[in-house]
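Trainee: Could you walk me through this one slowly? I would like to start with the helices.

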Amino acid sequence: MNTSINLYAHRGFSGRYPENTMIAFEEARKMRVAGIELDVQLTKDGEIVVIHDERIDRTTNGMGYVQEFSYKQLRLFDAGSWYDSRFSNQSIPALIEVFEWMMDKKAKLTLNIELKNDQIYYPKLEEKVLRLIDEFNLEDQVILSSFNYDSLAKVRSLHSYIPTGFLFEGVSEDAIGKAKSIRAHLHCDMSFALSSYGKKAKQEGLDLRVYTINEMNDFLKLQQASVKVVMTDYPNRFSSTMFKG
């Protein structure tokens, strides 16, 4: 049994801090997690920004779609008060800001960047993200994931070896074949990881990175199943458990 699991902070330390903000990433880093998961989309003027929803309504004091605003406009919105007024100084980060933070902190963690292009098509999102990764020489510290198979296929056509993760929900019969066709690993929920397909995927050399686990009982089941990564909103709950960091 593999007793050591890589722990990734889902949208940063999002259980205690506003998701996908710099404070959530910094507090996750302080927890010595192995990785941080975040989401990226494009602004009206083509800037890569870190936000989960296609609309800004839930996590800022603004309204509308990310793609309707320029980067400078988006920066004016409060991205922390929705969680707690103490975080009113938080704004929507640009991906370059996260990379600069990693360089400044000399952070050795892995950054799982989810390409949020399964609902809205963002032209050149893959190229822009890959170009920025190359500029910062972070190919060895990044995983690109998406629910959009075609987007990951495009990533693979543009970059032969950067790690990728095919995201899907539930127990999918064709997930293994799809992932192997583009040399990706599997980003799945617990139901798949504990199924016969999950066992088969591991036998065929695919890593299972499981989202989003917040309870110890679930974590222990996945530890027994020898999954590679567990993503959580609450890395503090598992900090005393053995994991690679």
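Mentor: Gladly. This is a predicted model, in which local features need pLDDT of at least 70, side-chain atom pairs count only at pLDDT 80 or more, and totals for chains, interfaces and linings use all residues. Residues are numbered from 1 along each chain as its sequence is written, and side-chain values use heavy atoms, with hydrogens and water left out. α1 passes α3 in a right-handed crossing, meaning that the near helix is turned clockwise from the far one by less than a right angle.

Trainee: At what angle do α1 and α3 pack?

Mentor: Helix α1 (residues 22–30) and helix α3 (residues 95–105) pack at about 30°, and their axes are 11 Å apart. The two helices are therefore roughly parallel to each other, a label given to angles under 35 degrees.

Trainee: And which residues meet there?

Mentor: From α1, M22, F25, E26 and R29 meet E97, V98, W101 and K105 of α3, where contact means heavy atoms within 4.5 Å. The residues of this contact divide into four nonpolar, no polar and four charged.

Trainee: New topic: is V33 buried or exposed?

Mentor: V33 counts as buried because its relative accessibility is 6%, and buried means under 20% relative accessible area with a 1.4 Å probe, protein chains only. V33 is found in the loop between α1 and β2 (35–42).

Trainee: How many residues has the largest nonpolar core?

Mentor: That core has 49 residues, and V40, L95, F99 and I113 have the most contacts inside it; such a core is a set of buried Ala, Val, Leu, Ile, Met, Phe, Trp, Tyr and Cys residues joined through side-chain atoms within 4.5 Å.

Technical notes
Axes are lines fitted to C-alpha atoms, for helices over the stretch in contact, and angles run from 0 to 180 degrees between N-to-C directions. Helices (H or I, at least four residues) and strands (E, at least two) are DSSP runs, numbered from the N terminus. Angles under 35 degrees count as roughly parallel, over 145 as roughly antiparallel, 65 to 115 as roughly perpendicular and the rest as oblique. Ala, Val, Leu, Ile, Met, Phe, Trp, Tyr, Cys and Pro count as nonpolar, Asp, Glu, Lys and Arg as charged, and the others, Gly among them, as polar. Buried means under 20% relative accessible area, exposed over 50%, partly exposed in between (1.4 Å probe, protein chains only).
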